[in-house]
Structure formats: structure tokens, C-alpha cells
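Here is a short report for a reader meeting this structure for the first time. Look over the sequence and the model, then read on.

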Amino acid sequence: MSEPGTSDGGAGRAVDGAAAGIAAQHDVPFSDLTTLRVGGPIDRLVTATRQRELVDLVREADASGGRWMVVGGGSNLLVGDDGFAGTVIRIATRGIEVLPGAQPGSVHLRVQAGEVWDELVAFTVERGFSGLEALSGIPGSVGAAPVQNIGAYGQELSDVLIGIEFLDEGADRPRRMSADELELGYRTSVLKQGLAGVVVSIEVALHDTTAEREVLGQALGTPVAYAQLAGALGVQLGDRVPIADVREAVLALRSGKGMVLDPDDPDSVSAGSFFTNPIVSERVARTLPGDAPRWYVEPDEPDEVVPLAELEAQSPLDAFLAHQAEVEAAEAHAHADPGEPLVKLSAAWLIEHSGIRRGFALPGSRAAISSKHTLAVTNRGGASAEELAQLARFVQGRVQAEFGIVLHPEPVLIGVEL
């Protein structure tokens, strides 16, 4: 996961780290900071290990006039081959504070942005706090989690997030933002949509199973809400099983898809799922083959990807943006069909049924679709950012041509266009 520092997708202003007493590194390859292992040189890299350092560095960035961005685990970031002509602030702050919950049986955690996400999940499972167990194995940092509203196997961060500490660009100190203010949706938030600044910490409310353990002898997780996970656990949807069992099953499922970072697995050299699952109207979903997976969603869930029935000759991204603007304008003016059900489709199914199989690569390219999962674009060794982008554009084009739907990339793109 990575988090943009400003409204232009991560670009901001420069900082040398001097005021915070932090030495800067120069010409560090961005590929050293991302799980995709691509990206050219960084003009200046500084690392914040304490919250005060992070605030000072961002304040300097706001005041000094150049470009800047922040990065956490780099697992949701595709950076161009030309690198970044500015300063990168690497967030490596640590700390998990356990606080009393607002309700009996609940516990609150305040977590610094630089904590490794999966280490946080392991912390909660070990202590019998339920609510994050199905989010095991997601790579990246805690601070990037609300940017994407990360989710997997029936859980989302929005289920448990209370709020964040957020340092607005130009501010002297962080402010608290509630979860409602973040407008969390399917892989989106106001942070991803352009609110400029940096996540300093997050606060979540989890279920403390201490009292239950005294009666049941084990810490049970939240009800299983994802069919594949239920099958792996051998239970029914809605059943509760030990938290540790959920974590173990999720890690096994993710590993089987190459979605857990593993130096011995070339399929894990990726940004995870490269495309979000399209959310379309029920009317559009009916135009797809009957065996296309689909799930009804709440009407107010934001459209991350929109099907295009009247595409002109333009790039997939330009078409998406143009259509998105038209849809938003029409809805704001006429509120047409406000009650029409929305349906989430499977991006993986669309990719596979457009003729792209696992392991697919363009001729001569060092980028390839994962051999385990068609949603992942992988670096098979020495690939350039442009090779990865070419493959992603090809996938978009195939799905668009076959189904009239443009897939929207999930990673943050810096110096790369699709």
C-alpha cells in the first residue's frame, strides 16, 4: 500500500530533512521501495521514524516549493522509469496503543502510519481482538489502509475504522477526521480522490473476546462473510470460528494466488490486484453472459469503474474519465434512476473471458499476468514500468472490446499513464 501526499497523485514540494536532523539520500531507485520493483531514481529520500519527524518533514515540504510525495510499504504503487524529480518521505513510524473501547467488549487501537499492516493484524489475533483477521496478508503500511479502504474476504477497514489523524497540506499539526468524513467506499476515500495531506495514525474499534474466551475457551472471529473463505474453513457463511484459524486460512488462500509477499514466489512481485472489480447498473449486468459472477451492492457505493456503451476512439483512461464526468453531471442535474440496483462484477472473470489467461505476456515483455491469478500484473525480472503499463493497457483494451467495460487500475500511478 502507498499513500499519495497531495491531490496530484503524490506530487508535492521538496524537503531536505535538515530541520528534523534527518540525513537525505540521493538517487535511490524507486524500485527499492515498491513491491513491483520498478521505478527510476529519487532525487531525495528522507525517512521519518517518529510522528514528530513526519510532521516536521511534511511541514518543510509544504514550505519549500518543490515536488514531494510520501510512501509507506510501496505495495500499491507503480512509478515510472524516469523516477521522481523531488523528495520522497518514507513513513517508518511505529507504535500500537491499546485504548479502552467505547462499549463493553470492545477495544480501540491507535496505530502509527508506518506500522506494517500484516504485523498489526497478527498483533490483534494474538491478543484475541477480532475484526481484522480476514485482512491478513495484505502488504503495505497502516497509513495507506484508509486511502484505499482495504478489504478482502468479507471484511473492509471501514467496518472497524473510527477515524484518523491527518496532517493537511499547509497545516501546522494533525487533525482528527472521523470515518464518516473519509467517505469510505469500495477501494476509495476522500484521500484517494484528492484530499491533500498525510495520514499520521489510524484508530480502529475491535471486539475484545476476553469474556467469550472464559466461557467458550477460544477467541472467535466475526461471522464469516465470504463464500471462498467459508469453504476453506469448512463452515457456513455466518459461522464464527477461531480468529487464528481465519488468519491461517486467509494467508493460505492469498499465498495460493501469489498475493502474499514471498521472495521465492515470482508471482508476488506485483501490486496485488491491479484492477478493481467493476460496479455497474443491473441493466448493464444483464448484458453479460449468465455465468458472469455478480453481487448486488448498496446503491450509494461509488462507481470505481464504469461500462462504456458509446466509446469513441480514445484511450481507456480518457474514456473512463469523460464518461465518469458525464454520469456525475447527469446524476447531479436529474437524479436519473436513483433506485436502480448496482451490481459488482468480477474483474478476474472479465479478464479471463476476454481471452487473457494466467501467465500471459506480450511478446518480448518481462511483464506478465500472474500464473496464479489474472488480476495481478507481475514483474518477471527486470521489467520496466512501461512494460507493466503496456500489459495493463492491453488487458483494459481486451476487456473493453469484449464487454464494453473499462477496468480501472487500483495502484497509485506516478509518472505512468494507462
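## Overall build

Helices and strands here are DSSP runs, numbered from the N terminus; a helix needs at least four residues and a strand at least two. The model is predicted. Its protein chain holds eleven helices and 19 strands.

Of the 418 residues of the chain, 54% count as buried.

## D267 in its loop

D267 sits in the loop between α7 and β14. Is D267 buried or exposed? Its relative accessibility is 1%, so D267 counts as buried; the cut-off for buried is under 20%.

D267 also shows a link across the sequence. D267 and A376 are 109 residues apart along the chain, yet 8.1 Å separates their C-alpha atoms. Neighbours within four places in sequence aside, D267 is in contact with G258, S370, S371, K372, T378 and R380.

## The annotated active site

Which residues does UniProt list for "active site"? The record, an unreviewed entry, gives R187, S273 and E410. They span 224 residues in sequence, but no two of their C-alpha atoms are more than 11.2 Å apart, so they gather at one spot. R187, S273 and E410 are also part of the lining of the second largest pocket.

S273 belongs to the loop between α7 (243-256) and β14 (279-281). D267 is placed in the loop between α7 and β14 as well. S273 has 23% relative accessibility and therefore counts as partly exposed. Beyond its neighbours within four places in sequence, S273 is in contact with M259, L375, E410 and P411.

E410 lies in another stretch, the loop between α11 (385-403) and β19 (412-414). At 13% relative accessibility, E410 counts as buried. Not counting residues up to four places away in sequence, E410 touches N76, Q148, R187, K192, S273, F274, F275 and T276. Two of these, R187 and S273, are on the UniProt list with E410.

## The second largest pocket

The second largest pocket has a volume of about 1,500 Å³. It is lined by 50 residues, and the closest to its centre are G151, A152, Y186, R187 and N277. Several elements give two or more residues to this lining: β9 (151-152), β10 (155-156), α6 (227-233), β15 (294-297) and α10 (347-352). Which of them gives the most? That is β15, with three residues.

By class, the pocket lining has 23 nonpolar, 16 polar and eleven charged residues. Domain 2 (96-256) and domain 3 (279-295 + 341-414) each supply at least three residues to the lining.

## Enclosed space

Rolling a probe the size of a water molecule over the atoms shows where empty space is left. How many cavities of 30 Å³ or more does a search of the whole structure find? The search finds two. The largest cavity has a volume of about 70 Å³.

The lining of the largest cavity is made up of T35, S75, P139, R254, G258, M259, V260, L261, S268, S270 and G272. By class, this lining has four nonpolar, six polar and one charged residues. Two of the lining residues return from earlier contacts. G258 is in contact with D267, and M259 is in contact with S273.

Definitions and conventions:
Residues numbered from 1 in each chain as written. Predicted model: local features only at pLDDT ≥ 70, side-chain atom pairs only at ≥ 80, totals over all residues. Heavy atoms only, no water. 1 Å grid on protein atoms, 1.4 Å probe; cavity = no way out; pocket = protein on both sides within 12 Å on 5 of 7 lines; lining within 4 Å. Points joined across faces, edges and corners; volume = space filled by probe spheres on them. Nonpolar A, V, L, I, M, F, W, Y, C, P; charged D, E, K, R; others polar. Domains from an automatic or database assignment. UniProt positions renumbered as here; feature names shortened; annotations may be inferred. Buried < 20%, exposed > 50% of the residue type's maximum accessible area, 1.4 Å probe, protein only. Contact = heavy atoms within 4.5 Å.
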